[in-house]
Structure formats: structure tokens, C-alpha cells
Amino acid sequence: MVNVEDYVARIEGTCGEEKDVIVIFKYDKKDEVIARILKKAKTKRSISTIIFELTYDDVSFRLYGTGKAIFRSIKDKDELQRILSDLLL
Amino acid sequence: MLDPYKIREDFPILKRKINDYPLIYFDNAATSQKPKQVIEAIKNFYENHNANVHRAVHTLSQEASELYENAHEEIAKFISANGMEEIIFVRGTTEAINLVAYAWGLHNLTKDDEVIVSLMEHHSNIVPWEILSKINGFKIKYAEVNDDGTLNYEKLESIISKKTKIVCISHVSNFSGVINDVKKLAKIAHENNALTLIDGAQSVPHLSINIKDLDADFLAFSGHKMLGPTGIGVLYGKQEILKDMEPFQGGGEMIREVSFNQATKRCSITWNDLPWKFEAGTPNISGGVGLMEAVKYLKKIGMENVKTHECQLTEYALRRMQEQRNIAIYGPKDVSAKCGIIPFNVKGLSSHDVALFLDNYGIMIRSGYHCTQPLHQIFKLTSSARASFYIYNTREEVDRFIEVLKEIEQV
């Protein structure tokens, strides 16, 4: 059975007052991850294939073509896990 | 003059591509890249000389001991110390500062004493003193920073007193690159019978250091920021102070003798000579060998050339960055007062977005607090992006960096 861990390489809390969360997806799966996320999240705007500014379930985040995403205002780990599950599975 | 293009040939990692773009490494204040000479020296140690140091009679141990001692001597010469007795190998700057806090501070600071720390310090020169003050009860006084990120010397002089026992200041700020006048600070401290601990993490890799001229009592720095491997750093201490200090950690190597006394049913211990008294356990021998090679590499280039190159590159980068409307740069812009570190933000974007965007193009910078949260509070910043340069960075890399920064304006 496929789960979130199959797509996620690392999750890093950013250093700074913002307390953003950076999700680094597995490099070999980044294209699949981007395609899956773009299908489910709402695209506010995009710049070529470099950055996608997205929202999902009132959470805004930026997805980068390198397979990294920065999530803002995430309440806790559980919320992040739920959103990643929704977006990826 | 330093030729960065020739130097680059010695750094295998700089041939890498990230996301199909040539790697541009501007995160040198966090750690430097390693030349093949350092990598080879470590490899050669493990392939040909690996053994534990000291107190063995076999050939390999003698070779390893000689290399490890030579590494201490080489570092002593690099900073113009009196000899290897004043050079203690530690894991890095953080451990060096903790060593001073616990081996000197724990035994010499009381509730009536004061310690001065500046607000521009890296957390590693704040946290050990805050922890220790909870144990010993001494007071910490923070030296203020001016609006441009420079140290306020007048205010510092106004808070120093006969109660002050040690002044702990960074030589170069890891946030703004500001160079502090540590010679002046040492003089002020000594006039008040206080010691000085200088955090040299951002100065020793970039400036020519003569510790006798600076007259600081302690100097802490890391090998990995100056082309050496991670896990090796240095605490310089004046011999007469180190001699009187208690050991930091106990174990093998740091003792001369441990004898069991039948009458007291206890062991009596005598300490080893300097610097080994402060190097408990099997040390990071290959790290020392790698650091020695890094120092030889820097000496060959010449530290004055290192400084000149970084000044020129920083001046160029600052000029180009100031041409951009949406970039805010912090700290002084006069390169004669700073090292090659540029903290900045792009208006409307978080520093992490800037770092992620640059990463797309193979450009590595740091984002966040850079372990200087109090200084960010002074600048009223939630975080910042930081570009930092070293000997292998070029003007073309700065041009590319600016090009990508211009693209960020679209975001």
C-alpha cells in the first residue's frame, strides 16, 4: 500500500519567526508528486514550471519544480500529515 | 592576487550541477567546501597512517601522533600563538566556548560577578553563559548593537566594571559580517581585569590573525568553515590561563596518572600537559590532519589575498544588489568594515522562499535566523536570507545570482 512516506524525503521546520514547514519530496518521485498535487490543490498562480502558488483546504503553500514545498500556517504535524495524505494518495 | 578560477579546480564539488545548473555555493558562513588536498590528506591518513595517538610504541602510532602534533603546531603558527600548548582541538567553535564556560567559568564565576556578551552573538556564545549563570548565579550584561549592526563600544564601556570577569564577543558577525575591534575590546577588558573570549568562527577563515597582537585570552574557531573537515575546531587560550584551569572532560589522554590510594580508597589524578589536559579520549585525529592541510592551503594563498578577494566580491555584490528595487540589505555597506557576508530580504517574500527559488537555479544560500535571533529582533526581522562568499566564488557567480534575484521580482 502506498503511503505519504513513499513520496516524502524530509520535513524541515524553518528557522525564523514564520514557523513555516518545508517538505522535500523524494527526487525520483518529484514529477509524480507535482502532478498529483496540481490535480488536487487550487492553483492561485504559477511561474512557468518553477513555482506554483497553491491552496488546499484553506492552507496556502508554494510548490517548487525542484520537488520542494513550503507550507504556511500549519497548525501541527497532524494537520500537515492530513494535507499531504489528501494531496498525494 | 588570488585567482578564484584556478582555485576552483581544487574543489571537486564545484563541478556539480544542481537541478541542471552549475552549483553556485554562497553558504560559506555556514560551512566551506573542501579542496582535494584536504580530502586527499584525510584519505592518506586512513590508508597509510591510521592508529591511535600517544602512549604506543609501534610505528603507526608514532606516525599518527606526529601528524596530530604537527597539526597543533601548524594552527599555532597560523594564528601566531606561542606554540601547540595553547592550541586545544575540539569539535568546533561551540565546544570551544562551552569548554571555556565549564572549565574556566564554572570555577571562577560567582553570584557577584558579571559576564558581558554582545547582542550580535551567535547563539553558541549566548546559550552556554545563560546555562552557566543559572548554576553559578552570575549576571549577564548584554552589549548593545547600533542600528547599522555595529557594536556600540561606548555602551559596552559603560557596562564594564570591576565586577566583569569575562567579555565574550564575536570577531566577525555571522549575520552582517561586521568586523569588531577585538584588540580594543581586549584592552578595555584587561583594564578592568576581565578576560576576553573571541568567537573567531567567521574571522579566522577570512582574515589574517595575530593572536598576540589582538591580545585576546581565548579564541574559538571551527575547521569546517576554513576548508577543513567537520568535527574539528580550535580553542586557543593563553598558556598561563589554561595551566590554571580545571579540565573540561575526564578520561584517557587528559591524565598523566591515575593511582588508587589504599588508605583513602580513592583514585588520585594528575593532569597531562597542555594541550592534552583538555583533549579527553581518542581525539579526532584525521580531522586534525585535514585541518592542518586546510591551513597550509590558506597560507599558500595568503590571508591578505583571501581578504582582498572577498572584499572585492562583496563590494561588487552589494553594488549590484542595491540596484534592485525590492531588495533590502542589512548591516553596514562599507566593505572595509566587514567580511563577505550579505544579509538581505526580498520585499514581500519570506527568506525561505528566496532560498528555495535560488535553489531552483543551483544557487545555495541560507535563510532563517542564522542562530542570531536577538540580532533579528533588533533589526525587527522575522528571518533573513544570507549570501556569504569565499575564495572560490567569482564575479560571474554574483552576476548569475543577481539575474535570478531579478526573476524573483515576478513572484
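Me: Which residue stands opposite S259(B) in β12(B)?
Reply: In this predicted model, β11(B) pairs with strand β12 (residues 266-271) of chain B in the antiparallel sense, over 6 bridges. Within this pair, the residue of β12(B) that stands opposite S259(B) is S268(B).

Me: Which residue in the turn between β11(B) and β12(B) has a positive phi?
Reply: The two strands β11(B) and β12(B) form a hairpin, and 4 residues lie between them. A positive phi of about 60 degrees occurs in this turn, at K265(B).

Me: What is the count of buried residues in strand β11 of chain B?
Reply: Strand β11 of chain B covers residues 255-261, which makes 7 residues. The strand is hardly covered, and its count of buried residues is 0.

Me: Is G290(B) buried or exposed?
Reply: G290(B) belongs to helix α10 of chain B, which spans residues 285-301. A residue is buried if 20 or more other C-beta atoms lie within 10 Å of its own. Because G290(B) has 29 other C-beta atoms within 10 Å, the residue is buried.

Me: Which residues have the most contacts inside the largest nonpolar core?
Reply: The largest nonpolar core has 132 residues. The largest share of this core, 8 residues, comes from α10(B), and at least three residues come from each of domain 1 and domain 2 of chain B. V100(B), which touches G105(B), L197(B), F218(B) and L235(B) when residues up to four places away in sequence are not counted, is one of the residues with the most contacts inside the core.

Me: Which strands stand at the edges of the open sheet of 7 strands in chain B, each with a single partner strand?
Reply: The order of this sheet is β4-β10-β9-β8-β7-β5-β6, and its pairing is mixed. A strand at the edge has a single partner strand, so one side of it is left without a neighbour in the sheet. The strands in this position are β4 (87-90) and β6 (139-143) of chain B.

Me: Which residue of β8(B) is the bridge partner of V167(B)?
Reply: Strand β7 (residues 164-170) and strand β8 (residues 195-199) of chain B pair in the parallel sense over 5 bridges. Helix α7 (residues 182-191) of chain B packs on the sheet and touches both β7 and β8, its direction making about 155 degrees with that of β8(B). The bridge partner of V167(B) in β8(B) is T196(B).

Me: Which residue of β17(B) stands opposite P343(B)?
Reply: Chain B also has an open sheet of 4 strands in the order β13-β14-β17-β16, with antiparallel pairing. Its edge strands are β13 (327-329) and β16 (366-368). Strand β14 (residues 341-346) and strand β17 (residues 384-388) run antiparallel and are joined by 4 bridges. In β17(B), the residue opposite P343(B) is R386(B).

Me: Which helix of chain B lies across β14, β16 and β17?
Reply: Helix α11 (residues 303-322) of chain B lies across β13, β14 and β17, running at about 15 degrees to β14(B). The helix across β14, β16 and β17 runs at about 160 degrees to β16(B) and covers residues 351-360; this is α12.

Me: Which element gives the largest share of the side of domain 1 of chain B that touches domain 2?
Reply: The domain assignment gives domain 1 (4-30 + 302-408) and domain 2 (39-299), with C-alpha centres 28 Å apart. In the contact, 21 residues of domain 1 meet 21 residues of domain 2. Two or more residues on the domain 1 side come from each of α11, β14 and α13 (373-378). The largest share, 5 residues, comes from α11(B).

Me: How many charged residues are on the side of chain A that touches chain B?
Reply: The contact takes 16 residues from chain A and 15 residues from chain B. On the chain A side, β5 (59-64) and β6 (68-71) are the elements that give two or more residues. By class, this side has 7 nonpolar and 4 polar residues, and the number of charged residues is 5.

Terms used. Residues are numbered from 1 along each chain as its sequence is written. Chains are lettered from A and ligands numbered from 1 in the order in which they are written. This is a predicted model: local features need pLDDT of at least 70, side-chain atom pairs count only at pLDDT 80 or more; totals for chains, interfaces and linings use all residues. A residue is buried if 20 or more other C-beta atoms lie within 10 Å of its own, exposed if 12 or fewer, and partly exposed in between; C-beta atoms are placed from the backbone. Two residues are in contact if their C-beta atoms, placed from the backbone, lie within 7 Å. Ala, Val, Leu, Ile, Met, Phe, Trp, Tyr, Cys and Pro count as nonpolar, Asp, Glu, Lys and Arg as charged, and the others, Gly among them, as polar. A nonpolar core is a set of buried Ala, Val, Leu, Ile, Met, Phe, Trp, Tyr and Cys residues joined through C-beta atoms within 7 Å. Domain bounds come from an automatic or database domain assignment. Two strands pair if DSSP finds at least two bridges between them. Axes are lines fitted to C-alpha atoms, for helices over the stretch in contact, and angles run from 0 to 180 degrees between N-to-C directions.
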